[in-house]
Amino acid sequence: SMSWMDAGRLLFTPPDGGLIMMDLDAQNAQQMLLDAVAYYSQPLLQADGSVLIFAQPSSELGGMGRLQRITGNSSTPQVEIVGDASISERDLMWAPGGERLVAFAGGALAMVNPITGDGYTLPITSAVAYAWGPSP
């Protein structure tokens, strides 16, 4: 998965693990931010410059990740575990603001707390697609 940091840089998670920042303004230069000791997914840049991301150790494959926060600069990132539980990352997407995740499966939508893994289904049972509109 990937997430934009700004107009010229993006974060992405390669299939063999790790987290990489690519600078499109510097001829697509790539910098490994986190080593491939874990599989990462759903990176999300926060307003304070930190990045929220789900991680699962490469030795524990199974689609369950725990939320982490990455702070610091790109040469010395600091990783803090902020999730209380490992949750399934399948079919999840960040909701605007980065406080909740949305799960979309079988025509139903559910909101998921990324820290606890608790979720609740929305009263929609036959959606085929969804998107976020502008905030009022």
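Trainee: Starting with S13, what's the bridge partner of valine 112 there?
Mentor: That's glycine 119. The strands here are DSSP runs of E with at least two residues, numbered from the N terminus, while helices would be H or I runs of at least four.

Trainee: And how many bridges join S12 to S13?
Mentor: Strand S12, residues 108-112, is joined to S13 by 3 bridges, and the two run antiparallel. Two strands count as paired if DSSP finds at least two bridges between them.

Trainee: Before we go on, what kind of model is this?
Mentor: It's a predicted model, where local features need pLDDT of at least 70 and side-chain atom pairs count only at pLDDT 80 or more, while totals for chains, interfaces and linings use all residues. Residues are numbered from 1 along each chain as its sequence is written, and side-chain values use heavy atoms, with hydrogens and water left out.

Trainee: OK, what's the average pLDDT of the protein?
Mentor: It averages 85, and 95% of the residues score at least 70. pLDDT is the predictor's confidence in each residue, on a scale from 0 to 100.

Trainee: Switching topic: how do S7 and S8 run, parallel or antiparallel?
Mentor: Antiparallel, with 4 bridges joining S7 (residues 64-71) to S8 (residues 78-81). In S8, isoleucine 81 is the bridge partner of glutamine 68.

Trainee: What about the hairpin, which residue takes a positive phi there?
Mentor: Glycine 72, near 90 degrees, in a hairpin with 6 residues between the strands.

Trainee: Which salt bridge does arginine 69 make?
Mentor: The side chain of arginine 69 meets that of glutamate 80 at 3.6 Å, N to O. The pair links distant parts of the chain, with arginine 69 in strand S7 and glutamate 80 in strand S8, 11 residues apart. A salt bridge here is a side-chain nitrogen of Lys or Arg within 4 Å of a carboxyl oxygen of Asp or Glu.

Trainee: How many salt bridges are there by that rule?
Mentor: The count comes to 2. Arginine 9 and aspartate 6 also meet in one, at 2.9 Å, N to O. Arginine 9 is partly exposed at 28% relative accessibility, and aspartate 6 is partly exposed at 34%. Buried means under 20% relative accessible area, exposed over 50%, and partly exposed in between (1.4 Å probe, protein chains only).

Trainee: And where does asparagine 28 sit?
Mentor: In the loop between strand S3 (19-23) and strand S4 (29-34). Asparagine 28 has a positive phi of about 60 degrees although it is not a glycine.

Trainee: What about glutamine 42, buried or exposed?
Mentor: Glutamine 42 is buried, at 16% relative accessible area, whereas asparagine 28 is partly exposed at 41%. Glutamine 42 lies in strand S5, residues 38-45, and has a positive phi of about 55 degrees without being a glycine.
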